[in-house]
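Here is a short briefing on one protein structure. Look at the strands first, then turn to a helix and one of its residues.

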Amino acid sequence: MTTVSPDTGVGPLLRGWRELRRISQLDLALRADSSARHISFIETGRSRPSEEMILRLAEHLDIPVRERNALLVVAGYAPRYPQTPLDDPAMASVREGLDRLLAGYEPYPALVVDGTYDVVAANRGIALLMEGIPEELLVPPLNAMRITLHPAGLAPRILNLPEWRADLLAQMERQIALVRSPELRTLYEEVAAYPVRDRGAGTGDGARDGDGVGAGTDAEVGGRGRERTPSFALPLVIEHGGRVLSFIASIATFNTPMDVTVAELAIETFLPADRETSAYLRERLA
């Protein structure tokens, strides 16, 4: 849940978002069909913006819908965007659509997480990767960051853990800068403090572990003659059942959401980065 200091007015909050987006008052005024003078008056508290003006500015500043509600409340208006639980009957079409999408992506792994990385849906590909994880980490609600980075979770199996961990933490830092969520901050502090097992891998170009597996390197574990991992994106290189699997991850969100719950859902898919990974998944989940 977003928390806002009662001493913070809507003007300073809007100014903070404008500066974060690196947009001048004049540019914002032109986009919002207003004037730089009016924008200045709003930011300094000399003018109280209407509800419509707040929403218009929020749209052009690409402010998350949860934070738009916070701006409205601080300005003395009612929240505009509902937050409907995903298990509400009104969300049945969303749940069904997500289930079809995840099933259609099999045998490749895919999952859906909420704004604090709790897993709300996952397919059999994800279940396959989580084989062997201790039961205490699988108690609902499952948390994708905790399962991935915990020393008893997937972390010991990730062969390029330093790079993958740094990328996940940077992703969380960017989200924290946009959504002032105490829950997300607490999760970040927890997973960032997890100890990292030294596999002899450094950071930077061509980081390798003791088996010679890393971003952009030839994987020798699990068989000779393996394809070279693509260098166009950081792969997730993970050991599973004596095999080395390599994935390229992508994240998708809903376009123009009108509900806080839907706005914070993210669909993460893992595309096999080589033929060996694809063949293994098809064989296991045929």
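**Strands, a helix and one asparagine**

Strand β4 and strand β5 (residues 266-272) run antiparallel and are joined by six bridges. Keep in mind that this is a predicted model.

**The strands**

- H240 stands opposite R243 of β4.
- β3 and β4 form a hairpin, with two residues between them. In the turn, G241 has a positive phi of about 60 degrees.
- In a regular strand, side chains alternate between the two faces of the sheet.

**Helix α5**

- Helix α5 covers residues 65-74. Eight of its ten residues are buried, so the helix is largely enclosed by the rest of the structure.
- The buried residues are V65, R66, E67, R68, N69, A70, L71 and L72.
- They pack against four helices: α1 (10-20), α4 (51-60), α9 (161-178) and α11 (260-263).
- Just after α5 comes G76, with a positive phi of about 95 degrees.

**Residue N69**

- N69 is found in α5. Its relative accessible area is 12%. The cut-off for buried is under 20%, so N69 counts as buried.
- A polar atom of the N69 side chain lies 3.0 Å from the backbone nitrogen of R80.
- Leaving out residues up to four places away in sequence, N69 touches P79, R80, Y81 and V260.

Conventions: Residues are numbered from 1 along each chain as its sequence is written. This is a predicted model: local features need pLDDT of at least 70, side-chain atom pairs count only at pLDDT 80 or more; totals for chains, interfaces and linings use all residues. Side-chain values use heavy atoms; hydrogens and water are left out. Buried means under 20% relative accessible area, exposed over 50%, partly exposed in between (1.4 Å probe, protein chains only). Contact means heavy atoms within 4.5 Å. Two strands pair if DSSP finds at least two bridges between them. A polar contact is a pair of N or O atoms within 3.5 Å; within protein, one must be able to donate a hydrogen and the other to accept it, and residues adjacent in sequence count only if both atoms are side-chain atoms.
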